[in-house]
Amino acid sequence: MHRLTTLFTRLNLGLGLFACSAIAWAGPALDGTTEKQATNWYAISMFCLFVALTMGITYWASGRTKSTADFYTAGGGITGFQNGLAIAGDYMSAATLLGLTAMVYGQGFDGYLYMMAFFAGWPLILFLMAERLRNLGKFTFSDITAYRLDQGKVRTMAAISSLTVVCFYLIAQMVGAGQLIKLLFGLDYNIAIFAVGILMMVYVTFGGMVATTWVQIIKACMLLCGGTLVMILAFSQFGFSFEELMSKATAVHKLGPKLMTPGGLLADPVTAISLCMGLMFGTAGLPHILMRFFTVTDAKEARKSVLFASGFVAYFFNVIFIMGLAAIIIVGQNPEFFEGNTIGAKLIGGGNMVAMHLSKAVGGNMLLGFLAAVAFATILAVVSGLALAGASAVSHDLYARVIKKGEASASDEIRVSKIATICLGFIAIGLGILFEKQNVAFMVGLAFGIAAAANFPVLILSMYWKGLTTRGALFGGYSGLVSAVMFVLLSKSVWVDVLGNKAAIFPYTQPALFAMPIAFLMAFIFSKSDASARAKEEIDAFEDQYVRAQTGYGAATASNH
Amino acid sequence: MSSAMYQRMRGNPKFQALVAKRGRFAWTLAAIVLTLFYGFVLAVAFSPASLGQAINEGSLVTYGVVIELFMFIFFWVLTAYYVKRANTEFDVLTQEIVQEAWKEHQ
């Protein structure tokens, strides 16, 4: 036990989780220490402004959150543009801003490549899923998987995998939040964790989806504006010439002319493809992202949401690319940002501070404060979205449909979801404190892996394949869940890095390429071999579901306000 | 009640036309995205040096960067193209199908 604890402590990579971004990447660690920084009053006052504004919105939203539809999906009345911003807000976490800037700064082209993998899932979600999601779903994505299958069993499975995804993602976000806030604001880790947890509980319990959506929208605007401002100020130092930026960056970077050549990040084809599949299909299986498709009026607005969301995401990734490149010269050549004032030594605050140092270099303490506030707001928004998705899985799926078999009253259901949110909040705080000193990077990887292997296959099969039966869905979903967890557990990122074993049993760090086929295959085999009368009914029911998916006739409509 | 509606819609030749046309369109676009994206990933894995070549003599901008920027823009244009067609042409067709099923009902 003692050995284990020392290992944990030694392996504390602090903000490594942000560098590793949304997956457990075992490449060169952009780790950083997390010593407390001097209190930045600009950051704190700007953050307080954000909190005051969002609290005002939550108060306003609480008056508008009466029915279950209001609570889960803001009454389905969000416009495509608003929802697009909110999706972008949900999707672009602090990892995006800090981790990816650091990645471009450290590895050049590889960071850009990584962003492409994050982006490419969106067009596919639009072409193959957005419309059917909106036409078939109401509050959670299990409305779709359970549409013609056994409500109790399928919803239980979907709720288990949703909650698993939400919990792993929450731990990663909470630990990251604590470290980040300690760094940026000079606050104590535990205070930071409590602040995030309690603010999240307030937003979600009082304001439901209405408040959560507006928190996402405000945060997305702040992130887009802040990033753009830093990018313009930095880029102006190179006369807005990409060629000049490149030549200067290449001249000083340790990779030299190799800066814009694909490097070690995706050198192994199996890992490369598995990683890209995990990011692409994991996105399409994340419960808090899927939930956003039910907040719009109809399929038309759902499509527009993806158009705006992917536009913002693509734009912002390119902003980050330029920020990272400019930082190579502006931050990387300024001794002020290195420990002991020596260029090439450790960056002050660790590798993830690149974006922050850049903002300070081009805009002084005020811009630094603004960007720090943006990063905090970002974490809050993502955590709130996750908590709402988790709470809906408990109240809408488990409580209302499985335990009460659809007989629960609306007020009971809302009460359960509020209790679930508060429980999730305390669980998140508890886990955040528990995992403070541990490397939690693999947990985000696990969340994406489970989303890709447990949620996505059953969801897509239920929409596209007539032959899917309850038995097939259960085997597919559970085998995807178990195999994704096992592959990550036995891979280097947990088996060696966390548990301290010598060699990994599973040779790859990314589970998607292996766990997804298992889930699809199991769903196929156990559906095909299902000869029960119930299975026949389920297959027959596909026809009606198919017409509704295609036309939207009978789809949940926006409630009136 | 709604099952009878679905029955009538399914029987409408326009429904079959909508499903076939929109399905073909969506899968074509999806295939383009998947091919380009995974093609690029394979190029990264198997031939990184070719992506690292400069586009012009003396320039430091590589093919990899240009292709990626192109993909960001191109994928988003495909998204816009799909939304435009689905929200006009296909949605008009969908409305006709639903309305015709209603009329038959009355």
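## Overall shape and make-up

With 561 residues, chain A would have a radius of gyration near 24 Å if it were a compact globule, and its value of 23 Å agrees with that expectation. This is a predicted model, and in it the C-alpha atoms of chain A fill a box of roughly 75 × 55 × 50 Å when the box is taken along the principal axes.

Chain A is built with 23 helices and zero strands. Of the contacts in chain A with a separation of 6 or more, 83% are made by residues 24 or more positions apart.

## Confidence in the model

The average pLDDT of chain A is 86, and 91% of the residues score at least 70. Residues 1–33 of chain A, however, have a pLDDT that stays under 50, although the model has 93 contacts beyond four places in sequence for them. Where pLDDT is low, the predicted coordinates should not be read in detail.

## The interior

Buried residues account for 66% of the 561 residues in chain A. The largest nonpolar core has 238 residues, and those with the most contacts inside it are Val196(A), Val313(A), Met323(A), Ala326(A), Leu358(A) and Ala375(A). Helix α16 of chain A, which spans residues 354–403, gives this core its largest share, 31 residues. In soluble globular proteins, nonpolar side chains tend to be buried together.

One of the residues with the most contacts inside the core, Val313(A), touches Ala88(A), Tyr91(A), Met92(A), Phe119(A) and Trp122(A), when residues up to four places away in sequence are not counted.

## A loop glycine

Gly349(A) lies in the loop between α15 and α16 of chain A. The C-alpha atoms of Gly349(A) and Lys405(A) are separated by 52 Å, and the two residues are 56 residues apart along the chain.

## The contact between chains A and B

The contact takes 44 residues from chain A and 44 residues from chain B. On the side of chain A that touches chain B, the elements that give two or more residues are α7 (109–119), α8 (121–136), α12 (242–252), α13 (269–283), α15 (299–330) and α23 (542–551) of chain A. The largest share of that side, nine residues, comes from α15(A), and the residues of the side divide into 26 nonpolar, 10 polar and eight charged.

Technical notes. Residues numbered from 1 in each chain as written. Chains lettered and ligands numbered in written order. Predicted model: local features only at pLDDT ≥ 70, side-chain atom pairs only at ≥ 80, totals over all residues. Contact = placed C-beta atoms within 7 Å. Helix = DSSP H or I, 4+ residues; strand = E, 2+ residues; numbered from the N terminus. Nonpolar A, V, L, I, M, F, W, Y, C, P; charged D, E, K, R; others polar. Rg over C-alpha atoms; globule rule 2.2 N^0.38 Å. Buried ≥ 20, exposed ≤ 12 C-beta atoms within 10 Å, placed from the backbone. pLDDT = per-residue confidence, 0-100. Core = buried A, V, L, I, M, F, W, Y, C linked by C-beta atoms within 7 Å.
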